[in-house]
Amino acid sequence: MKRVRKAIIPAAGLGTRFLPATKAMPKEMLPIVNKPTIQYIVEEAIASGIEDIIIVTGKGKRAIEDHFDHALELETNLVEKGKLKLLEEVRRPSSVDIHYIRQKEPKGLGHAVWCARRFIGDEPFAVLLGDDIVVGDPPCLKQLMEQYEETQASVIGVQPVSDEETTRYGIIDPKERHGKLYQVHNFVEKPTLGTAPSNLAIMGRYVLTPEIFKYLSMQEQGAGGEIQLTDAIQKLNQEQSVYAYHFDGIRYDVGEKLGFILTTIDFALRDTELRTPLLKVMEEITGKESVRQVIG
């Protein structure tokens, strides 16, 4: 039995929802409090037991590589000033070997995963999307890896969403349920409102068998004119069973502005130094808003 040792993190998107900030900065480097979003994803992979990570980047994403590299001048400066705790934080992202490949054209998530096919070879592998931060114990990806070890089949992480939100996600059409594990009849990418077969949405975490590359290699366009990973998973499901697992954990959507802001606030409230002053400011702001509503 081959273990899941490798992970793909697609990070080639243009980040148009966060323009103009992402004109010169990769959206994956936008910070949640004081840590870039992509670092949360990498740390989840490492905590799950992943040994090799490949990040699929695009033009203008050099800052990601720099972040996970050593910064000798900065580290030396921190040592000289005795800021050892901060030094540890700075060094942490460079403690793991990360590989990079560039997606030369923005052809979609499926194409980004396909770009890493030679790195993966004939092994099962994980995919973690940067728009989703998941806080769980054990980590979300670890839960999927454990299900893979039981089923020896691809496993997709899912959680329920509202009916109105189903148009934003890949949705599963479940066939059989065994606790939190589902056998899946169909995978549907971004169904039109009112047509979703369930409210169980794919949440940016996958463990896939290497046979998926056979279908990604067909380069067939799906929703939005892009090569969709969900479409390839649906075809793989016709050849070998693909499961969905309702994982435990809190999932944060950092791929759109409101979700990003709410995630930042929630993570800041978890910080013992920030919680009290932040709550005080929030109370002042909400109080002013209430006054404005009364006056207005």
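The model is predicted, so local features need pLDDT of at least 70 and side-chain atom pairs count only at pLDDT 80 or more, while totals for chains, interfaces and linings use all residues. Residues are numbered from 1 along each chain as its sequence is written, and side-chain values use heavy atoms, with hydrogens and water left out.

On a 1 Å grid over the protein atoms alone, a cavity is a set of points where a 1.4 Å probe fits but cannot get out, whereas a pocket is an open set with protein on both sides within 12 Å along at least five of seven lines. Lining residues have an atom within 4 Å of a point. Grid points are joined across faces, edges and corners, and a volume is the space filled by probe spheres set on the points.

The largest pocket has a volume of about 1100 Å³. Its lining holds 39 residues, and the closest to the pocket centre are K27, L109, L129, D131 and K190. Helices (H or I, at least four residues) and strands (E, at least two) are DSSP runs, numbered from the N terminus. At least two lining residues each come from strand 1 (6–11), helix 5 (109–114), strand 11 (200–208), helix 9 (229–239) and strand 13 (250–253). Strand 11 gives the most, with four residues. Sorted by class, the lining of this pocket has 15 nonpolar, twelve polar and twelve charged residues. Here Ala, Val, Leu, Ile, Met, Phe, Trp, Tyr, Cys and Pro count as nonpolar, Asp, Glu, Lys and Arg as charged, and the others, Gly among them, as polar.

Charged pairs come next. Side chains of opposite charge can pair when their charged atoms come close. The structure holds 19 salt bridges, each a side-chain nitrogen of Lys or Arg within 4 Å of a carboxyl oxygen of Asp or Glu. K27 and D131 meet in one of them, at 2.9 Å from N to O. This pair links distant parts of the chain, 104 residues apart: K27 is in the loop between strand 1 and strand 2 (31–32), and D131 is in the loop between strand 6 and strand 7 (132–135).

Another salt bridge joins K6 and E123, whose closest N and O atoms are 3.5 Å apart. Because K6 lies in strand 1 and E123 in the loop between helix 6 (117–120) and strand 6 (125–128), the pair ties together parts that are 117 residues apart in sequence. Buried means under 20% relative accessible area, exposed over 50%, and partly exposed in between (1.4 Å probe, protein chains only). K6 is buried at 12%, and E123 is buried at 14%. Both residues also belong to a network of salt bridges that links R3, R5, K6, E51, D52 and E123.
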